[in-house]
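Let us take a walk through a protein together. Have the sequence and the 3D view ready, and follow along as each part comes up.

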Amino acid sequence: MQDTPLVSIITPTYNRAYIIKNAINSILAQTYPNWELIIMDDGSTDRTKQDIASIGDARIRYYSQLNAGPSKARNHALELARGRWVAYLDSDNELLRNYLEIMLEHFRKHPGALYGIPQGNYTFELYQDGKLIDVVDKSNQFPATLTIQDIFHRKLHFDMNGFMHAREIFGNGVAFDANLHGMEDWDLVMQIGERYPEGFMYVPVVLYTYHQRYGTDSLVANINVSYKDHAQKFEELYQKHKNASLMEGQRWYPDRSERWMRLEKDFQDGKLPPAYLYPFPEHWPKNAPAESSSS
C-alpha cells in the first residue's frame with residue numbers, strides 16, 4: 001500500500017450515526033484500495049465519532065468542526081485531502097464497489113479530463129416517523145451522453161455523489177460557496193466548468209446509489225423546506241452564473257423560480273401539501289391539483 005492515497009473521498013456528516021456506516025462500508029468494499037476517506041463531522045451530537053472509531057481502518061480520517069453547514073465542511077476536508085483525485089459521497093448514500101476502479105480507468109483513458117461524473121441509481125424516498133413508506137425511481141434522468149453545458153442547462157439534477165475531480169483545481173477561486181442557501185453542489189461544478197470547459201468527462205456507467213430522502217434530515221427535502229426556499233435557490237444560482245458563456249441558451253430561468261413561487265402561493269392558499277410531499281402525489285390531499293414537472 002502506498003503511503004499517499006491516490007484518491008481522497010470526502011464525506012460530510014451531521015447526526016448520521018444511524019446510517020453513515022452504509023456509506024463507509026461501500027467505500028471499504030471498493031475493488032481499488034489506495035484511497036483515504038475524510039469524514040468531516042459538522043458538529044454531530046450523536047454517536048458518530050464513537051461509531052467511526054470502532055471501524056479501525058487507518059484509511060479513514062475523522063475530523064470534526066463546529067456546526068457550519070456542508071459547504072464549509074467540504075471546504076475544510078478539501079484542505080486536508082492528500083490524493084491526486086477527490087471524490088464525494090454523502091453520509092446517506094453508497095458507492096458501488098467498482099466506482100473507484102472504473103472512474104480512475106476512464107481518467108487514464110482521457111488524460112485531458114480534470115473532473116467527471118458517472119451515472120447512478122437515483123431514488124426519491126418518503127419517510128414517515130422514521131419509516132420508509134414510498135419510493136420513486138428517478139434513475140432514468142441519466143442520458144446516454146452528457147456535456148458540461150447540459151449541466152449548466154439543468155438537463156441533469158447534479159449532486160456531489162460520485163463526482164470526482166483533480167485536487168489541483170480546488171482553490172484559485174474554486175470552492176464551495178457557504179453563502180448560498182442550497183445547490184452548492186451545482187454551483188461548484190459550474191465554477192469548475194467556467195474555468196475548465198474542456199476538462200469534463202461523463203462516464204455512462206452506474207457507479208453509485210443516491211437517496212433523496214423526503215421527510216427526514218435531508219438538507220433539501222426535510223419537513224422545514226418550503227416551496228419558496230426552492231425558488232430562492234434557483235434565483236441565487238442564476239444571478240451568480242448568468243453571465244457564464246455556458247449558460248447561453250438555458251431555459252430553466254426564470255421558469256423554475258417562478259414555478260416554485262406559484263407552488264408556494266398554492267400552498268399558502270391551502271391547495272398543496274408541504275413541499276416535502278411534492279414528489280409523491282399519491283400522498284397529497286384528495287383535492288390537491290395534479291403533479292407538475294420535477295425540479
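This is a predicted model: local features need pLDDT of at least 70, side-chain atom pairs count only at pLDDT 80 or more; totals for chains, interfaces and linings use all residues.

Pick out Ile117 and look around it. If you leave out residues up to four places away in sequence, Ile117 touches Met103, Leu146, Ile151, Leu156, Phe158, Gly162, Phe163, Phe200, Met201, Tyr202 and Val203.

Now turn to helix α3, which covers residues 70–80. Its buried residues are Ser71, Ala73, Arg74, Asn75, Ala77 and Leu78. What do they pack against? The buried residues of α3 meet the strands β1 (7–13), β2 (35–41), β4 (85–88) and β8 (164–166), and also helix α6.

A loop runs between β8 and α6, and Phe176 sits in it. Is Phe176 buried or exposed? Its relative accessibility is 4%, and buried means under 20%, so Phe176 counts as buried. Apart from neighbours within four places in sequence, Phe176 is in contact with Ser71, Arg74, Asn75, Leu78, Tyr88, Met160, Glu184 and Leu188. Among these, Ser71, Arg74, Asn75 and Leu78 are buried residues of α3.

Gly171 has a relative accessible area of 22%, so it is partly exposed. Between Gly171 and Arg262 there are 38 Å in space, C-alpha to C-alpha, and the two are 91 residues apart in sequence.

With 1% relative accessibility, Thr48 counts as buried. Setting aside neighbours within four places in sequence, Thr48 is in contact with Thr13, Asn15, Arg16, Ala17, Asp41 and Tyr62.

Next, see how helices pass one another. Helix α6 (residues 184–195) and helix α7 (residues 227–241) have axes that come within 11 Å and cross at roughly 15°. An angle under 35 degrees counts as roughly parallel, which means that α6 is roughly parallel to α7. The crossing of α6 past α7 is right-handed. On the α6 side, the contact is made by Trp186, Asp187, Met190, Gln191 and Glu194, and on the α7 side by Phe234, Leu237, Lys240 and His241. By class, 4 of the residues in this contact are nonpolar, 2 polar and 3 charged.

Helix α7 also packs with helix α8 (residues 255–268), at an angle of about 165° and with the axes 8 Å apart. Angles over 145 degrees count as roughly antiparallel, so this is how α7 lies to α8. Here α7 passes α8 in a left-handed crossing. From α7 come Tyr227, Lys228, His230, Ala231, Phe234 and Glu235, which meet Arg256, Ser257, Trp260, Met261, Leu263, Glu264 and Phe267 of α8. This contact has 7 nonpolar, 2 polar and 4 charged residues.

Note on methods: Residues are numbered from 1 along each chain as its sequence is written. Side-chain values use heavy atoms; hydrogens and water are left out. Axes are lines fitted to C-alpha atoms, for helices over the stretch in contact, and angles run from 0 to 180 degrees between N-to-C directions. Helices (H or I, at least four residues) and strands (E, at least two) are DSSP runs, numbered from the N terminus. Angles under 35 degrees count as roughly parallel, over 145 as roughly antiparallel, 65 to 115 as roughly perpendicular and the rest as oblique. A crossing is left-handed if the near helix is turned anticlockwise from the far one by less than a right angle, and right-handed if clockwise. Contact means heavy atoms within 4.5 Å. Ala, Val, Leu, Ile, Met, Phe, Trp, Tyr, Cys and Pro count as nonpolar, Asp, Glu, Lys and Arg as charged, and the others, Gly among them, as polar. Buried means under 20% relative accessible area, exposed over 50%, partly exposed in between (1.4 Å probe, protein chains only).
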